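Good morning, and thank you for coming. I would like to take the group through one model; please have the display in view.

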Amino acid sequence: MKACFSGIIGHQAQMEYLCRIIDQKTVAHAYLFSGPAHIGKTLIARCFAAEMLGVDEKSLDYHPNYYFVDFPIDEKTGEPKKHIDIESIREARDRMNLSTFDGGRKILIVNHADTMTIGAQNALLKTLEEPKGDALIILLASMPKILLPTIVSRAVHLRFFPVSTQSILEGLGDEGKKIASLIETYALGRPGIAKSLLDAEEHEIVLEELQSAKDFLASPLAKRFGMIQGLIKKADPAFIMKTIVTWRLELHALLLQELNTPQSEKSAKALLALDEAEESIRRNGNVPLALEYFAIHL
């Protein structure tokens, strides 16, 4: 295993594959890394890019041949937008079309690629079809089915799956073992979440979020609507998606408690409604309507 991938928890097969194509010089021009948020695909993409550019991952952001696209900032509100817009992709495309100073490879990573607008995806499509020079594009997505089929078909799709709790605990050492129960119930195979729980402040925040999720699920409909309005007013898109994950955790816990009871069917339907609400939000849908749709189905 290459040094750039050292310390990463799980995903052994995916890293071995990337090491092999690097050694064999068979790297394609585009890849789609898909899997749940905080599972490790972003870190592995960065390590892959750093290895290709011959730099350390920590210094990657300062390399002139590397470009990273994330949620753009809304100039009116100063907050991140809920999607990757066409202007962000056009800027990235223009950067990728420039000649490099050293004649080397250019690398573009698009985070939250599944939130690209249709216009943004179409703007990226030409670059995927006819990459200029020695280019490498890596798309990161939690819900790849939202992407246009023409986008997916032009990239090598590498899937990332939840990591076993045992592997996470082994990777975190003694500190992880102290909070093994919380890691098992909250991280759900996501090393990034597990690592964040080692921070005492983040630990307390998570406990508060879990309690808030329990209160939301147990509240009457009118109160749930009020809580949703409060969430939307003060939260950025990333926090809203994080809250959805917490709701899902609590619904999973309820399902385990309700197995083989009449109530389990209701919780299962609520989970499906939550999935539909999340997909609607990622498709740039109406956030209040999507969340209220879920609240109604509780």
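First, the basis of the values. This is a predicted model, in which local features need pLDDT of at least 70, side-chain atom pairs count only at pLDDT 80 or more, and totals for chains, interfaces and linings use all residues. Residues are numbered from 1 along each chain as its sequence is written, and side-chain values use heavy atoms, with hydrogens and water left out.

Now the overall picture. The protein contains 14 helices and five strands; these are DSSP runs, helices being H or I of at least four residues and strands E of at least two, numbered from the N terminus. About 60 × 45 × 35 Å is the span of the C-alpha trace along its principal axes. The radius of gyration is 20 Å, which agrees with the value near 19 Å that a compact globule of 298 residues would have. That radius is taken over C-alpha atoms, and the globule rule is 2.2 Å times the number of residues to the power 0.38.

Of the 298 residues, 47% count as buried. Here buried means under 20% relative accessible area, exposed means over 50%, and partly exposed lies in between, with a 1.4 Å probe and protein chains only. As for contacts (heavy atoms within 4.5 Å), consider those between residues at least 6 apart in sequence: 68% of them join residues at least 24 apart.

Next, the helix pairs. Two packed helices are described by the angle between their axes and the distance between the axes. The axes are lines fitted to C-alpha atoms, for helices over the stretch in contact, and the angles run from 0 to 180 degrees between N-to-C directions. Angles under 35 degrees count as roughly parallel, over 145 as roughly antiparallel, 65 to 115 as roughly perpendicular and the rest as oblique. A crossing is right-handed if the near helix is turned clockwise from the far one by less than a right angle, and left-handed if anticlockwise.

Let me take the pairs in sequence order. Helix 1 (residues 12–23) packs against helix 2 (residues 41–53) at an angle of about 15 degrees, the axes being 11 Å apart. Helix 1 is therefore roughly parallel to helix 2, and the crossing is right-handed. On the helix 1 side, M15, L18, I21 and I22 take part, meeting I44, F48, E51 and M52 of helix 2. By class, that contact has seven nonpolar residues, no polar and one charged. Nonpolar covers Ala, Val, Leu, Ile, Met, Phe, Trp, Tyr, Cys and Pro; charged covers Asp, Glu, Lys and Arg; the others, Gly among them, are polar.

The second pair is helix 3 (residues 86–97) with helix 4 (residues 118–129), whose axes come within 8 Å and cross at roughly 15 degrees. These two helices are therefore roughly parallel to each other, and helix 3 passes helix 4 in a right-handed crossing. I86, I89, R90 and R93 of helix 3 meet G119, A120, A123, L124 and T127 of helix 4. This contact divides into five nonpolar, two polar and two charged residues.

What is the angle between helix 11 (residues 221–234) and helix 14 (residues 287–296)? Their axes cross at roughly 150 degrees and come within 10 Å. Helix 11 is thus roughly antiparallel to helix 14, again with a right-handed crossing. Helix 11 contributes L221, R224, F225, I228, Q229, L231 and I232, and helix 14 contributes V287, P288, L291, E292, A295 and I296. Ten nonpolar, one polar and two charged residues make up this contact.

Finally, individual residues. Is F160 buried or exposed? With a relative accessible area of 2%, F160 is buried. F160 sits in the loop between strand 5 (156–159) and helix 6 (165–172). Not counting residues up to four places away in sequence, F160 touches H11, Q14, F33, S34, G35, P36, I39, K41 and I44.

Two loop residues have a positive phi without being glycine. K25 has a phi of about 55 degrees; K25 lies in the loop between helix 1 and strand 1 (30–34) and is exposed, at 74% relative accessibility. H112 has a phi of about 50 degrees; H112 lies in the loop between strand 3 (106–110) and helix 4 and is partly exposed, with a relative accessible area of 25%.

Thank you; I would welcome your questions.
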